[in-house]
Amino acid sequence: MGIRRVATVFGGTGFVGRHLVGRLARDGYVVRVASRRPDRAAQMRPMGDVGQIVPIYASVLEERSSVAAIEGSDLVVNLVGILAPGRHASFTAVHVEGAGRVARLCASAGVGALIHMSAIGAAPGSVSAYGRSKGLGEAEVIRHMAEAVIVRPSIIFGAEDHFTNMFGRMARYLPVLPVYGAATRFQPVYVGDVAEAIRRIARDSHTAGDIFELGGPRVWRMEDMVRWIADAAGHPRPVLPVPMWLARIQALFLEHLPGRVLTRDQLSMLCSDNVVAEGMRGFDLLGITPVSLEMMAAQYLARFRSG
């Protein structure tokens, strides 16, 4: 039997990771699922043969565990990201320093390919701290490993997401749905398509050093998307656009509650459209036809219907 290739997926127990790990296993990789909670990867073992999917403890915030996870890898995928800073992890620590650490260790270990997941809107000059940290993180990755591939998706949806399910749940209980950034445009992309894009990038050495922006087939305004989600969940509701001045007052209090339902930085993100920029590489270059929100989300939002 030949020597098997090794892929390390940081953040492998997360939303995108759960869809990616099985695909890499089917491509013949021994997959190290690197996470701060490797116990959560136990249910992923059946995605591969015996011993093919290996949960390990590793954090992008730590040098030693990252070194151990990366050593001997042919492919490394960094999916780690946070939507709001916490007590133990800031945007800078995770998106900038953590991303740079993984890239630096990949370069020194001679890893053949690194795929780094960022986000549409990532830029050092972004109005939001999230967008700035993602942009600075991209710069760190490229500085240490110029051949790394950057993947920037729009908002990602799927059966386990926090976005469509949140509004489906809200529509079940609230008579009116408040919407922040009602006129902001998004290009929601299915999690399975994002995972498949990463898989195909890993297969193609000609993508080295490229940046991909991934968006679904339709551009939505936020209020139209929320209205459609409520309809698909079986609870049509009027939508109430919240003025930004009022939203910022609400966020001032909500950002201090557990779960950080709404933060001022998230509102800053909602001031800019989140769509694929013209001329950027995307799904078409990878031979993927992305599925629509209407096709996929309607299936799992049915869980919120009465009865």
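Ala, Val, Leu, Ile, Met, Phe, Trp, Tyr, Cys and Pro count here as nonpolar, Asp, Glu, Lys and Arg as charged, and the others, Gly among them, as polar. The model is predicted, with local features requiring pLDDT of at least 70 and side-chain atom pairs pLDDT 80 or more, while totals for chains, interfaces and linings use all residues. Residues are numbered from 1 along each chain as its sequence is written, and side-chain values use heavy atoms, without hydrogens and water.

**View 1. Crossing of helices α1 and α6.** The axes of α1 (residues 17-26) and α6 (residues 191-203) come within 9 Å and cross at roughly 40°. Helices are DSSP runs (H or I, at least four residues) and strands likewise (E, at least two), numbered from the N terminus. Axes are lines fitted to C-alpha atoms, for helices over the stretch in contact, and angles run from 0 to 180 degrees between N-to-C directions. The two helices, α1 and α6, are therefore oblique to each other, a class left after under 35 degrees (roughly parallel), over 145 (roughly antiparallel) and 65 to 115 (roughly perpendicular).

**View 2. Residues joining α1 and α6.** Contact (heavy atoms within 4.5 Å) involves His 19, Leu 20, Arg 23 and Arg 26 of α1, together with Val 191, Gly 192, Ala 195, Glu 196, Ile 198 and Arg 199 of α6. Four of these residues are nonpolar, two polar and four charged.

**View 3. Lining of the second largest pocket.** By class, eight nonpolar, three polar and three charged residues line the second largest pocket. Strand β5 provides the largest share of this lining, three residues. A pocket is an open set of points on a 1 Å grid over the protein atoms alone, where a 1.4 Å probe fits, with protein on both sides within 12 Å along at least five of seven lines; lining residues have an atom within 4 Å of a point.
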